[in-house]
Amino acid sequence: VDFTASNGHPRNPSSLHYCTAMSMSPYEEAMLAVGNVLAPYDSDQMFPAFGFGAMLPNGVTSHCFSLAGPGRPVEVHGIAGLLQVYREALQFLNLSGPTNVSEIVRSVATMAAAAAAQETQKY
């Protein structure tokens, strides 16, 4: 999830992160739509959840972090778990920048290569 400041402050109704108790943010809507398509193909329902472009509680801007929070696993259980950690992240992150996706792309590529090397996939 992109937490760069260009998305707008989460309390601003024009922000891509803006949500209320009764409505989802555009990011949540996208996670739900894509998640509902992909979830049936994931046997363990564990989804990697990354963020980038945010200032973490330690004051450092990170371009690749676990959406669940510092020191927590990257994978979350189910789409509901993904949406929950996203909402929680909005409480402890500060939008920052710049937009730099190279670290997150490297991390995901490493995870994919490790999974492919296990040769446990069945088609």
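In which loop is the place of proline 98? Proline 98 is located in the loop between β7 and α3 (102-118), where helices (H or I, at least four residues) and strands (E, at least two) are DSSP runs numbered from the N terminus. A cis peptide bond, with omega of about 5°, connects glycine 97 to proline 98.

The model is a predicted one, in which local features need pLDDT of at least 70 and side-chain atom pairs count only at pLDDT 80 or more, whereas totals for chains, interfaces and linings use all residues. Residues are numbered from 1 along each chain as its sequence is written, and side-chain values use heavy atoms, with hydrogens and water left out.

Glutamine 45 belongs to the loop between α1 and β1 (46-48). Its relative accessible area of 23% makes glutamine 45 partly exposed; buried means under 20% relative accessible area, exposed over 50%, and partly exposed in between (1.4 Å probe, protein chains only).

An open sheet is formed by 3 strands in the order β4-β3-β7, with antiparallel pairing. Its edge strands, β4 (61-62) and β7 (94-95), each pair on one side only. Two strands are taken to pair if DSSP finds at least two bridges between them. Strand β3 (residues 54-55) pairs with β7 in the antiparallel sense over 2 bridges, and the bridge partner of methionine 55 in β7 is asparagine 94.

The largest nonpolar core comprises 22 residues, and Val1, Phe3, Met31, Leu67, Tyr86 and Leu93 have the most contacts inside it. Such a core is a set of buried Ala, Val, Leu, Ile, Met, Phe, Trp, Tyr and Cys residues joined through side-chain atoms within 4.5 Å. Two or more residues are given to this core by α1 and by α2 (78-92), and α2 provides the largest share, 7 residues.

The structure contains 2 aromatic pairs. Rings of Phe, Tyr and Trp (its six-membered ring) pair if their centres lie within 6.5 Å, with planes under 30 degrees apart counted as stacked, over 60 as edge-to-face and the rest as tilted. Phenylalanine 3 and phenylalanine 65 form a tilted pair, 6.0 Å centre to centre with 40° between the planes. Phenylalanine 3 lies in the segment before α1 and phenylalanine 65 in strand β5 (residues 65-66), so this pair ties together parts that are 62 residues apart in sequence. Phenylalanine 3 is buried at 0% relative accessibility, and phenylalanine 65 is buried at 7%. One aromatic cluster is formed by Phe3, Phe65 and Tyr86.

The structure holds 1 salt bridge, defined as a side-chain nitrogen of Lys or Arg within 4 Å of a carboxyl oxygen of Asp or Glu. Arginine 87 and glutamate 28 form this contact, with their closest N and O atoms 2.5 Å apart. Since arginine 87 lies in helix α2 and glutamate 28 in helix α1, the pair ties together parts that are 59 residues apart in sequence. Arginine 87 is partly exposed, with a relative accessible area of 28%, whereas glutamate 28 is buried at 3% relative accessibility.
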